[in-house]
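Q: I have a structure open and would like to go through it step by step. Could you help me read it?
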There are 2 protein chains.
Amino acid sequence: MKIPPVKGTRDFYPPQMAVRNFLSDGWKAVSLRNGFVEYDGPIFEYLRMYQVKSGDEIVEQLFHLTDRGGRELAIRPEITPTLARMINQQINALPRPIKWFSMPRLCRAERPQKGRLREFFQWNIDIVGVDDVLADAEVIFCTLDYLRSVGLSSSDIIAKISSRKLLAALLEHVGVPHDKLDGLYPILDKKAKLPGEAFVEMVAGVVESSQAVDKLLALMEVHSAGQIKDIVPDIAANDIAQAALDEVHQVFDLLEAMGVGDYCRFDMSIVRGLAYYTGIVFEVHDAVGDLRAVCGGGRYDNLLRDFGGPSVPATGMGMGDCVLEILLRDRGLLTEGMFKRKMDYFVACADSNLRPKAMEIVARLRQSGAATEFSYKSANLGKQLKAADACGARHCLIIGQEYSTDKKLVLKEMASGTQSLVNESNFLEKSAFIQ
Amino acid sequence: MKIPPVKGTRDFYPPQMAVRNFLSDGWKAVSLRNGFVEYDGPIFEYLRMYQVKSGDEIVEQLFHLTDRGGRELAIRPEITPTLARMINQQINALPRPIKWFSMPRLCRAERPQKGRLREFFQWNIDIVGVDDVLADAEVIFCTLDYLRSVGLSSSDIIAKISSRKLLAALLEHVGVPHDKLDGLYPILDKKAKLPGEAFVEMVAGVVESSQAVDKLLALMEVHSAGQIKDIVPDIAANDIAQAALDEVHQVFDLLEAMGVGDYCRFDMSIVRGLAYYTGIVFEVHDAVGDLRAVCGGGRYDNLLRDFGGPSVPATGMGMGDCVLEILLRDRGLLTEGMFKRKMDYFVACADSNLRPKAMEIVARLRQSGAATEFSYKSANLGKQLKAADACGARHCLIIGQEYSTDKKLVLKEMASGTQSLVNESNFLEKSAFIQ
């Protein structure tokens, strides 16, 4: 009986696994150098945890199950609720600021499409306990530090930055009732994916005043902080809006100082659909605009409280592996040569009677830390040299005639083809053989 | 609303995550130096995949669910069925031998107890396509290469090795009917966990002949291959048994040659419960015998065929993280000092006006690859130096008075306390600052 893999999941054969490791190794290295420490939670949580704050859209997309104890569980579709739960559990013991990263496997029962699968990996970084836009700037910097490290330049990607706090203040200022805001965000978030008319219609369905709708539509087109006062000339009179705008300027100044200003652009249409964002929000998009967002994030100062904890400020970012991989491939930044297998040694045994000796040498090389391969079949040396080449061995150590007569090994450097005779014990004793 | 974690799962706060990474980094390094390449599958598969060959015990322990498309799925309780599926899918394209490793997250709905949780990680290594005990020996060597690398000596652990083929031949030889064998293995596998009488009773429930039961019980006490002929004097007359015994001797000779002979012991009572084993089987136990098996494995030549593929020989090993961690802690091989945070630099900003400059330097250090931390609060230098110490910084770079007057930074080596004045541009230009 042959059973297929489940729709929307991926099998990671070694070549695909090498790409996945390339992404997660990079996420990890950049997280660590930016001062984040790693955490993780379980693959499933109580179903009701995802009903707290993530909006109906995510709850519909859950893989959920009832265990034998009658617990209603769900495979995690995101890790932020787990983060909130874990931090709340130890809120008094954890030294602050909490700078954590994770690279969880997540599952969503969505319709599989380009850049969107039912199972994926997502890099998350979060700074909890800092009520300062410096933390928002650091999250954006860390995100760009990674994307730059894999070769994406400011002509490949754009970090679009806005502020939920600014947007909320401006919308209220132009006449959108406060209680309409939470319902409006998911619509504004879909703007880029909707035909213009459909978008306007949906907005008008929530906001009654046509004047307010017009102002809102104009705000959505703002691509520099300076343009705002063209639409809202009296912004300075609105303390909240002005303070939020000042924060935006601070973030841009910091990003400029940190050397990633060329990647960053103000964009009022960046809203983020989820209700929980409260301040600076951002998304990174490919410059051409062909793909879904590479990542997104922002400030969510109320989430820990919503999960039963104290009110603690927080800001973070999530980046999935699917769109990222597509983008890197598109830009020629993932090439086969990057993932070639490499071994330090290949031990070729030219005489099956010497097999125990060959295995002894293989074992000693491995134990010393040298990646070492061999062939299960003795005798045909030509085939073994081909196998050495195939696994990317730098050196081939041949155990044959010269061993039987003089206890000597033939050491062949694969790239140059140079061969030399080495004394077995000398070779194994000098730690220099780990190269 | 406060929601607890699900019973039998673990939260990996940074200290626990550091331990998990220590285990998986070691698994990975040893796998690679032993010539294995990494693969992975999805977290869930079709439920029926686990009904093929893993015995009812595992199927009962599944977390299963029905997705919105009506598919019956299960979170993977082991990765071997996925391995079989993936290899069968590409059987003609994959170069052989297939030497793969994986470190999957697995879930089983078992009663949580010491060394056994509902969610855990398991190191798997498998060699597919090699019908030679050399591959069995290599799997055992690789397992011990890892356990030795984390500090476990042959006085801490024992690799108990037997042969399913030998056991089957001997049992049939002493009068156990062939068709009783598959039902007998799970009972023999539980011997160590059962009171003696209960074990005998269960065996007698399957095997009718009391003479056969006596011989079987005697065989279970055999702890060296030489003892077998005391119980089965005419073993040489049984070709299959003799060939299986020869294989066992070959494996021991190879393990001796590979320098791990002192860890290995023949033990006829090692059976492995699952029906799919066909040859050499082994388990590693703590020497005291306090804990469950650290790992287990063996040859399973029919599994790929049972999953709808061709008949391809295979041998492998699985090692969970739970018992391993308990054992390492017991032996004092996991200490807090191993997991201390380390940073290359801490950038202290003694004047809030210099914040942009501080962030520029932080960013440049990080971009160059140096792990760099800073404090969100300026001004109090004493507190910042404490923070530098807390995050394990080797150097603290202080931006204060000397910068305002002379564009100089104070570089403090944290261990010695030595301070020196460095010129900003010189410091940032020399690549030597990555240490």
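**Two chains and their interface**

Q: What should I keep in mind about the model before we start?
A: The model is predicted.

Q: Let us start with a strand. Which residue stands opposite His64(A)?
A: His64(A) is placed opposite Ala74(A), which belongs to β4(A). Strands β3(A) and β4(A), the latter covering residues 72-75, pair in the antiparallel sense over three bridges.

Q: What is the strand order in that sheet?
A: The order in chain A is β2-β4-β3, in an open sheet of three strands with antiparallel pairing. The edges are taken by β2 (44-46) and β3 (64-66) of chain A; each has a single partner strand, so one side of each is left without a neighbour in the sheet.

Q: And how much is the twist from one strand to the next?
A: The twist averages 35° from one strand to the next.

Q: Now the two chains. What rotation superposes chain A on chain B?
A: A rotation of 180° does this, with a shift of 0.0 Å along its axis and an RMSD of 0.0 Å. The two copies are thus related as by a two-fold rotation axis.

Q: Which residue of chain A comes closest to that rotation axis?
A: That is Leu65(A), whose C-alpha is at 2.5 Å from the axis.

Q: How many residues are in contact between the chains?
A: In chain A, 90 residues are in contact with 90 residues of chain B. Of the interface residues of chain A, 100% are also interface residues in chain B, so the copies meet through the same surface.

Q: What area is buried there?
A: About 7,800 Å² is buried between chain A and chain B, and carbon and sulfur atoms give 61% of this area. On the side of chain A, the residues that lose the most area to chain B are Tyr13(A), Arg33(A) and Tyr376(A), together 11% of what that side buries.

Q: How many salt bridges are found across the interface?
A: There are 10 salt bridges across the interface of chain A and chain B. One of them joins Asp40(A) and Arg20(B), with the closest N and O atoms 2.9 Å apart.

Q: One last topic: is Ser31(B) buried or exposed?
A: Ser31(B) is buried, because its relative accessible area is 0% and buried means under 20%. This residue lies in helix α1 of chain B, which spans residues 14-33.

Q: What is Ser31(B) in contact with, leaving aside its neighbours within four places in sequence?
A: With those neighbours left aside, Ser31(B) is in contact with Phe36(B), Phe101(B), Trp123(B) and Ile125(B).

Conventions
Residues numbered from 1 in each chain as written. Chains lettered and ligands numbered in written order. Predicted model: local features only at pLDDT ≥ 70, side-chain atom pairs only at ≥ 80, totals over all residues. Heavy atoms only, no water. Pairing = 2+ DSSP bridges. Helix = DSSP H or I, 4+ residues; strand = E, 2+ residues; numbered from the N terminus. Axes fitted to C-alpha atoms, helices over the stretch in contact; angles between N-to-C directions. Least-squares fit on C-alpha atoms with pLDDT ≥ 70 in both. Contact = heavy atoms within 4.5 Å. Buried < 20%, exposed > 50% of the residue type's maximum accessible area, 1.4 Å probe, protein only. Buried area = accessible area lost by both parts, 1.4 Å probe. Salt bridge = Lys/Arg side-chain N within 4 Å of Asp/Glu carboxyl O.
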